[in-house]
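Me: I am new to this one. Please show it to me, and then I will ask how the terms are used.

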Amino acid sequence: MNQLLSIKEKIAYGLGDTASNLVWQTAMIFLAYFYTDVYGLSPGVMGTMFLLLRCMDAITDPMMGALCDRTRSKHGQFRPYLLWCAIPFGVACAITFYTPNLGSTGKIIYAFVTYGILTLLYTAINVPYCAMASSLTANSQERTSLQSYRFALSTMGGLIIALLALPLVKLIGGEDDLGKVINPQNGYFGAMIIMGALAIILFLVCFKNTKERIELPVSSSGIKEDIKVLFKNQQWRIIFIANIILLLAVVMRGTVMMYYIDRVLNRHELATYFIAGGMIAAIIGAIITAPLFGKLDKVKTYKAIIFVSLIIFIGSFFIPKEWFMLALCVHLVVSLIQMMSTPLLWSMMSDVVDYEKAVSGKQLGGLVFASVLFAIKFGLALGGAVVGWSLAIAGYDANLTVQPDNVIALINMLFTIIPGLLFIPLILVMNNYGLNNEKLESISLALKEKRLLAK
C-alpha cells in the first residue's frame with residue numbers, strides 16, 4: 001500500500017489547487033480592496049461580513065467532511081465532487097466580483113449572498129479535494145512530495161492572478177492617460193469571468209488524471225459521534241489551532257498587501273511585480289521542500305521555518321517606505337520561506353488521519369480535512385475582519401489620495417509586526433505535536449498489519 005505516484009498524477013492533483021487558488025489568492029489579495037475601493041462597502045461592513053459568514057462554515061464544513069466519508073461512487077470517494085462542483089464554483093467566482101446597481105443596502109445584501117455562495121461551493125469542492133490525498137497513497141514521504149507538487153502548482157494559480165488580474169481589469173475596464181482604470185467594476189467582473197472559466201477546466205483535468213487507490217472504510221456511526229471522536233484526538237486539536245493562528249497571520253498580511261503597496265510604498269504601478277515576484281518565490285519554496293526536508297523530521301523543520309519567519313516579519317517593519325527594492329526582496333524571502341513550510345503542515349494533516357485510524361479504527365479523512373479547512377477559512381475571515389475593523393477605527397478613507405500618518409503606520413504594522421508576533425503562539429502550540437517520524441513509522445506498520453489481517 002506504499003504506492004509511488006507518477007509525476008503526471010502529482011501534477012494533475014496539483015492543478016486542482018491551481019484552480020482553487022485562482023479564487024483563494026484573489027480573495028486574500030484583492031477582495032478586501034475590491035469591496036472598499038471598487039464595490040463601495042465600508043471597511044467595517046466588509047470585516048463584519050467576512051466574520052459572520054464563517055458561522056455558516058461551522059455547520060457546512062463538518063457536514064461536507066462527513067458526507068465525503070460516506071460517499072461511494074464509480075468515480076471514487078472524493079473525486080466525483082470535482083466533477084459535480086467545478087462549474088458552479090467557477091460561476092460563483094465571477095458573480096462575487098459583479099457590482100450591481102442596487103443602492104447601498106441592496107449592494108450589502110448582494111455581497112453577503114454571493115460571497116456566501118462562493119464560500120459554500122469552495123467547501124463543497126475543496127474538502128473532498130484535500131481529503132483525496134490520503135486515498136492516493138499511504139506513503140508518508142510520497143504525501144510530502146505530493147503536497148510539494150500541489151503547493152507549487154497552487155501558487156501558480158496565485159501567479160496567474162498576480163500577472164493577469166490587474167492587467168485584465170485595465171484591459172476590460174479601460175485605461176486613461178494616467179494609467180487609472182476607467183471602469184474598475186466592469187474590469188474586475190470581466191477578469192473574474194475568465195478566472196472562473198479557467199478554474200473549471202483545471203478541476204476537470206485534475207478529476208480525469210487522478211486515481212483513488214486506497215479504499216477507505218465507510219463510517220458506521222453518526223456524524224455527532226464522529227465529531228466527538230475527533231475532538232478527543234489531541235494531535236488533531238493541535239493542528240486545528242495551529243491553522244487558525246497561521247492563517248490569521250498569513251491572511252492579515254495578504255489582505256493588507258494591496259494597501260501596503262499602494263498607501264505605504266506609494267508604488268501602485270508596481271503592484272503586479274510585487275505580487276508576482278512573491279508568487280514565483282513561493283513556487284520555488286514549494287518545489288525545494290521535498291528534496292531539502294523530505295527525510296528530515298517534519299515537526300522540527302516546520303518549527304524552525306516558522307521561527308525564521310518571525311524574525312524576518314518583525315525586522316521588515318523598519319524598512320523605510322522609500323526603499324522599495326529592499327521591501328520587495330524581503331517579501332520574496334518571506335514568500336519562499338513560508339511556502340517551504342506549507343507542504344510539511346499539510347502532510348501532517350494526512351498523518352493525523354492515519355493516527356486516528358490507528359487509535360480508534362475510524363476513517364475520518366473527510367472530517368479531518370473539513371475541520372482544518374474550516375480553521376483555514378476562519379483564519380481568512382478573522383484576518384480580513386481584523387484588517388477591515390482596524391482600518392475603520394483608524395479612519396481609512398478610500399477617497400483620500402494621501403492617508404493620515406496613523407493609517408499608514410497601521411497598514412505597515414498589519415503587514416509586518418502583527419502577523420510576525422502571531423508566530424510565537426504558533427511555535428508554542430506545535431511544541432505539543434507528537435507525530436514525529438519515529439511515531440509515524442510505528443503507525444504505518446500497525447496499519448499495514450491491520451490490512452493484512454483484514455485480508
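Predicted model: local features only at pLDDT ≥ 70, side-chain atom pairs only at ≥ 80, totals over all residues.

Reply: Residues are numbered from 1 along each chain as its sequence is written, and side-chain values use heavy atoms, with hydrogens and water left out.

Me: What makes a space a pocket, and what volume has the largest pocket?

Reply: On a 1 Å grid over the protein atoms alone, a pocket is an open set of points with protein on both sides within 12 Å along at least five of seven lines; a cavity is a set where a 1.4 Å probe fits but cannot get out. A volume is the space filled by probe spheres set on the points, which are joined across faces, edges and corners. For the largest pocket this space is about 950 Å³.

Me: Which residues lie nearest the centre of the largest pocket?

Reply: Tyr 33, Lys 180, Asp 262, Arg 263 and His 268 do, out of 33 lining residues. Lining residues have an atom within 4 Å of a point. The lining divides into 17 nonpolar, 7 polar and 9 charged residues. Ala, Val, Leu, Ile, Met, Phe, Trp, Tyr, Cys and Pro count as nonpolar, Asp, Glu, Lys and Arg as charged, and the others, Gly among them, as polar.

Me: At what angle do H11 and H13 pack?

Reply: The angle is about 35 degrees, and the axes are 7 Å apart. Axes are lines fitted to C-alpha atoms over the stretch in contact, with angles running from 0 to 180 degrees between N-to-C directions. The contact of H11 with H13 has 18 nonpolar, 6 polar and no charged residues.

Me: Why is Asn 266 called partly exposed?

Reply: Buried means under 20% relative accessible area, exposed over 50%, and partly exposed in between (1.4 Å probe, protein chains only). Asn 266 has 47%, so it is partly exposed. Asn 266 lies in the loop between H10 and H11, and its phi is near 55 degrees, a positive value in a residue other than glycine.

Methods:
Helix = DSSP H or I, 4+ residues; strand = E, 2+ residues; numbered from the N terminus.
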